[in-house]
Amino acid sequence: MLNGLKQIAMGGRQVWPLVEGGKGVAATNHLSSGAWALAGGVGTISAVNADSYDPTGRIIPQVYRALTRRERHEELVDYAIEGAVQQVQRAYDMASTELQRGIGAININVLWEMGGAQRVLEGVLARTKGLVNGVTCGAGMPYKLSEIAAHHEVYYYPIISSARAFRALWKRAYSKASEWLGAVVYEDPWLAGGHNGLSNAEDPRVPQDPFPRVRDLRATMREAGIPDSTPIIMAGGVWALREWTDWIDNPELGQIVFQFGTRPLLTQESPIPEGWKQRLMTLEEGDILLHKFSPTGFYSSAVRNPFLRNLEGRSERQVAFSTTATGDHQFQLDVGVGRKNYFVTRDDLLHARSWYGAGYTEALKTPDNTLIFVTPDDKAVIRKDQSDCMGCLSQCGFSSWADNDTNTTGRLADPRSFCIQKTLQDIVHGGDTEQNLMFGGHSAFRFAKDPFYSNGFVPTVKQLVDRILTGD
């Protein structure tokens, strides 16, 4: 046992200060989260389009049969509620012996920017009373989170990346339901996997030390009258607790809890497919890319595989244009655009001709008055994916869907992005790890270096938690 580490009270439960990081689509389910709670930590089920099961226990494919996006969106909301409810029920059953003793906890993770987020959250909590302890929520500014949690008498765990963001949430909404604040999750923008809260004022190429940022967060919480016993959960870059001993029992920080997002992916209970687990063991330092291709508009971190490199290539094969000859745009584009009139610089004209000659013969317009050059096959996939949109996000840059009265963002769909629902569903259900988005934290390369995983060892969740408690 690491010196100074002890169980704490959080969200009305007695738990180890260890939280399973909630992933996106189906990447944490009842198996991993139930096992984490059974081990005395906080298991976190992804309530983002979670899997549901037929009577034989097989996963029900999420097939969308409606003709319109609005109708498909309704199908998606129904799938999301039913899947999350089933996952919670199964996880609770797995860990019930400890949960009924007040030890361990089951939380659900919700992406605030997912389509129908409030409806999904209300629907799940209404059907899981007494089973869910708390709701972890980020990707956006979830002002209504505290109100919904208080109504259903569960704790809320907002994910933020700066003291400023928490201050805004507290003043506008959270102060009205302070008794249900279970903890505040600080998600480091430069270290965490998946979507993060990197702001326009921060440079993605210049990481900042998390300690002063978390210290500022605690100062903000103290100003609001929030006691130090309300934990801050450090998320992002946490691998071995021996590397964080100066955070434990540190009076500057108050109570600190640690979230593990990447390491729980490689356990026997983890629902990700075997190919994904094997790929994690081959990663090297620098293989995780912090990028902004996500249709959410947020930065996110994922393995820089051929899928991401293809997206990088799309943006690199890009030229700015004018519809009339003006300024530097004096040269009419003569490839990839048919009879349409686009004017570009001389250098960009030469670039476009070169790309065209290499097989990138289709020019697609972006919302920023630029054109990207893609192959005919890529164009066909982009157009089909945009057409098949089911409204999985509240605002989607890729398809222009918006969860509003008009169901549109009012902007041109952006072909530099991708259908995130399609790729996440595919990879978690056995799809090609090289041709799909594979989220991961920036410490994922350590699987290949940590002796705990030598000779391809894949631990159970209990073995992993026991290992973490030693400091390693």
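Mentor: Two residues are in contact when heavy atoms of theirs lie within 4.5 Å. This is a predicted model, and in it Ile108, leaving aside neighbours within four places in sequence, is in contact with residues including Thr44, Val88, Leu121 and Val135.

Trainee: What makes Ile108 stand out in the largest nonpolar core?
Mentor: That core has 123 residues, and Ile108 is listed with Phe166 and Phe258 as having the most contacts inside it. The largest share of the core, 12 residues, comes from helix H2, which covers residues 69–99.

Trainee: Why is Pro415 called buried?
Mentor: Buried means under 20% relative accessible area, and Pro415 has 0% relative accessibility, so it counts as buried. Pro415 is found in the loop between helix H10 and helix H11, where it touches, among others beyond four places in sequence, Arg314, Leu364, Ile372 and Gln386.

Trainee: Why is helix H1 described as oblique to helix H12?
Mentor: H1 (residues 30–38) and H12 (residues 461–469) pack at an angle of about 45°, with their axes 9 Å apart. Angles under 35 degrees count as roughly parallel and those from 65 to 115 as roughly perpendicular, so an angle between these ranges counts as oblique, and that makes H1 oblique to H12.

Trainee: Which residues of H1 and H12 meet, and how do they divide by type?
Mentor: Ser32, Ala35 and Trp36 in H1 meet Val461, Leu464, Val465 and Ile468 in H12. The residues of this contact divide into six nonpolar, one polar and no charged.

Technical notes: Residues are numbered from 1 along each chain as its sequence is written. This is a predicted model: local features need pLDDT of at least 70, side-chain atom pairs count only at pLDDT 80 or more; totals for chains, interfaces and linings use all residues. Side-chain values use heavy atoms; hydrogens and water are left out. A nonpolar core is a set of buried Ala, Val, Leu, Ile, Met, Phe, Trp, Tyr and Cys residues joined through side-chain atoms within 4.5 Å. Buried means under 20% relative accessible area, exposed over 50%, partly exposed in between (1.4 Å probe, protein chains only). Helices (H or I, at least four residues) and strands (E, at least two) are DSSP runs, numbered from the N terminus. Axes are lines fitted to C-alpha atoms, for helices over the stretch in contact, and angles run from 0 to 180 degrees between N-to-C directions. Angles under 35 degrees count as roughly parallel, over 145 as roughly antiparallel, 65 to 115 as roughly perpendicular and the rest as oblique. Ala, Val, Leu, Ile, Met, Phe, Trp, Tyr, Cys and Pro count as nonpolar, Asp, Glu, Lys and Arg as charged, and the others, Gly among them, as polar.
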